[in-house]
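Q: I would like to learn how to read the features of a protein fold, beginning with a pair of helices and moving on from there. Could we go through one structure together?

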Amino acid sequence: MEAFSGFSMYSYNLRPHHHHILEPDVHIDELTPEQLQQQAEQLEQRYTAFAEQGLKLDLTRGKPCTEQVALSNALDGILQGDFTDTDGTDVRNYGGLTGIASARELFSDVLDVGLEQTLVGGNSSLSLMYLVMEYAMNSGLAGAPWRDQGAVKFLCPVPGYDRHFALTEYLGIEMVNVPMLNTGPDMDQVEAMVSADASIKGIWCVPRFSNPTGCVYASDTVERIARLGQMTPDFLVMWDNAYAVHTLREGAEILAPIARYCEQHGTENNVVQFGSTSKVTFAGAGVAFLASGDSNIGKLSSHIGYSTIGPDKVNQLRHVRLLQDRDGLEAHMRQHAAIIQPRFKAVLDALEAGLAGTGMGEWTTPGGGYFISFESRDGLATEIVKLASDIGVKLTPAGATYPYNKDPKDSNIRLAPTFPSLEDVEATADAFVLCVKLASVRQKIAKG
C-alpha cells in the first residue's frame, strides 16, 4: 500500500496544532534517543489533554449516516395505493420466490447478468450468503455436499470482512489467509493452493472497493477467479459486490463483470454474486439480491420455498419506484457521495498532515466504498486501538479484518468514517493520529 498524498492540507477548528511534534517527513527511525524521549513527553501531554475532554466517538462500523438514509425517505408512501408490478403481479399477495420482475430487472443490471439468473430477497445480503454457504455444505450446490467430503477449507483474502469470517467459522469451515494486493487477491497463490488442495472449496471476494482496503479487482484477476471452477468442480466463489455502486468520486475504477468470464469458461454455477441496497436506501429495510447460473437459482429458490412462501414484494416494488433504473440509482448514489466525501477527506487529511513521511503508518485512498485501511508499524494495532478507547474513541477491534481475529502482524486497523458527524470524524481522526504517534514512539523507545 502507498501512503495517501492526493489532497491538500486542510485545518479544522477542533484540531490542536502542535507542528513541533514529529513533523510529517521526519522519519521516526531518524530520531535520536533524546529526540524520541522529547517526542514522547510532548505526546503524553497531548494524550492527557484529549483524555480530559471526555470524548465519546465511534468509528467502529461502516454504517450510513442519518443524512444518507434520509435520501430515501420518499420510500414512505411512494406506492400511493398502486401495488401492481410491471407484469401485473399484485405484490401484496403470496408467491414470487425469486422476487418481482421489475426488481429482478433493476438489480440484474447492477450485477450485469440476465434477469433469469437473478434472485431478489429480503433486506439482508448476509442472510443470502448464509443460505448459499449452508446449502453448499449440507445439500451440495455445484457438486456433492461439502460435509460428505471431510475437512473443508475456504480462502479468505486479508485484510477482509469480519462478517464473512464469522459466518465461515460458524459453519465449521477452516479459513486460509490469502494476501490482498492492489489488484485483488494474490492469484498466483490462490491458484497454487486450489490446485494443490482439493479440500479448498471456495473464496470470499469483495471485488469493488474491497472491505477494508478499497481496492478494485483488476480484470485479469476477475477472469482468473472465474476460472477457478475449472480446477475444482464444486469450487464456490462468494462474490460479495457490496459496494458496486458506492463511488466517492467521478471516474472511479470500473469492475470487470465476472459473469461474462464465467460464461466463457463454463463456470456460471461456481460463482454467486451478492448485492443489496443496505447502504443505498434504508440500511435495515432494504432489498438484497444474488445472481448465479440457472441451476443454482433453481436449487436456491426451491430451498427458500421450505422457509417462506415469498419475500417482501411490497418493499421490492417501493425500491423500484424510488430508484427506477440504473441511471436513477447512480444519480441517487451521487447524493450519497456528496455527503460522505467530506468525512473521508477529513480522515485522509489528518493522516497526511500528521503521519506522512514519519514511517509510522500507511493507508489506502479509496475511490469508493466505506472504509480506509490503515497499516501501523508491526505489533502496534492492538495498542493503538486500546489507547484510543482509553480516551473515548472506539475503533474497529484490532484483528477484526483477519480470520479468527488474528492479524499475524498486528498492524491493520479499519477506519469507518461515514456514520459520525463531520465534526466527530475530524475529532476522531485527530485522536487516532495522536494514538498512532504515541504508540510508535513508545515502541521505538522500548526497542532502544
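Q: Which residues in α4 meet residues in α10?
A: This is a predicted model, and that should be kept in mind throughout. Two packed helices are described by the angle between their axes and the distance between the axes. Here the residues Leu131, Val132, Glu134 and Tyr135 of α4 meet Lys299, Leu300, His303 and Ile304 of α10. The axes of α4 (residues 125-138) and α10 come within 11 Å and cross at roughly 100°. Since angles from 65 to 115 degrees count as roughly perpendicular, α4 and α10 are therefore roughly perpendicular to each other.

Q: In what order do the 8 strands of the open sheet stand?
A: Strands of a sheet pair through backbone hydrogen bonds, either parallel or antiparallel. In this sheet the order is β2-β9-β8-β7-β6-β3-β4-β5, and the pairing is mixed. At the edges stand β2 (118-120) and β5 (184-185), each of which has a single partner strand, so one side of each is left without a neighbour in the sheet.

Q: How many residues of helix α11 are buried?
A: In α11 (residues 313-323), 9 of the 11 residues are buried, so this helix is largely enclosed by the rest of the structure. Among the buried residues are Leu317, Val320, Leu322 and Leu323, but also Lys313 and Arg318. What covers them includes α3 (101-111), β2 and α12. At the N-terminal end, α11 is capped by Asp312, which has a side-chain oxygen 3.2 Å from the backbone nitrogen of Val314, while Gln324, with a positive phi near 70°, follows the helix.

Q: Which members of the largest nonpolar core touch the most other members?
A: In this core of 48 residues they are Leu351, Phe374 and Phe432. Several elements each supply at least two residues, including α1 (33-51), α12 (326-355), β11 (372-376) and α14 (422-447), and α14 gives the most, with 12 residues. Leaving aside its neighbours within four places in sequence, Phe432 is in contact with Leu351, Phe374, Ile384, Leu395, Ile413 and Leu415. A second, separate core of 33 residues includes Val190, Val222, Ala226 and Phe235.

How values were computed. Residues numbered from 1 in each chain as written. Predicted model: local features only at pLDDT ≥ 70, side-chain atom pairs only at ≥ 80, totals over all residues. Heavy atoms only, no water. Core = buried A, V, L, I, M, F, W, Y, C linked by side-chain atoms within 4.5 Å. Buried < 20%, exposed > 50% of the residue type's maximum accessible area, 1.4 Å probe, protein only. Helix = DSSP H or I, 4+ residues; strand = E, 2+ residues; numbered from the N terminus. Contact = heavy atoms within 4.5 Å. Pairing = 2+ DSSP bridges. Polar contact = N/O pair within 3.5 Å; in protein donor to acceptor, adjacent residues only side chain to side chain. Axes fitted to C-alpha atoms, helices over the stretch in contact; angles between N-to-C directions. Parallel < 35°, antiparallel > 145°, perpendicular 65-115°, else oblique.
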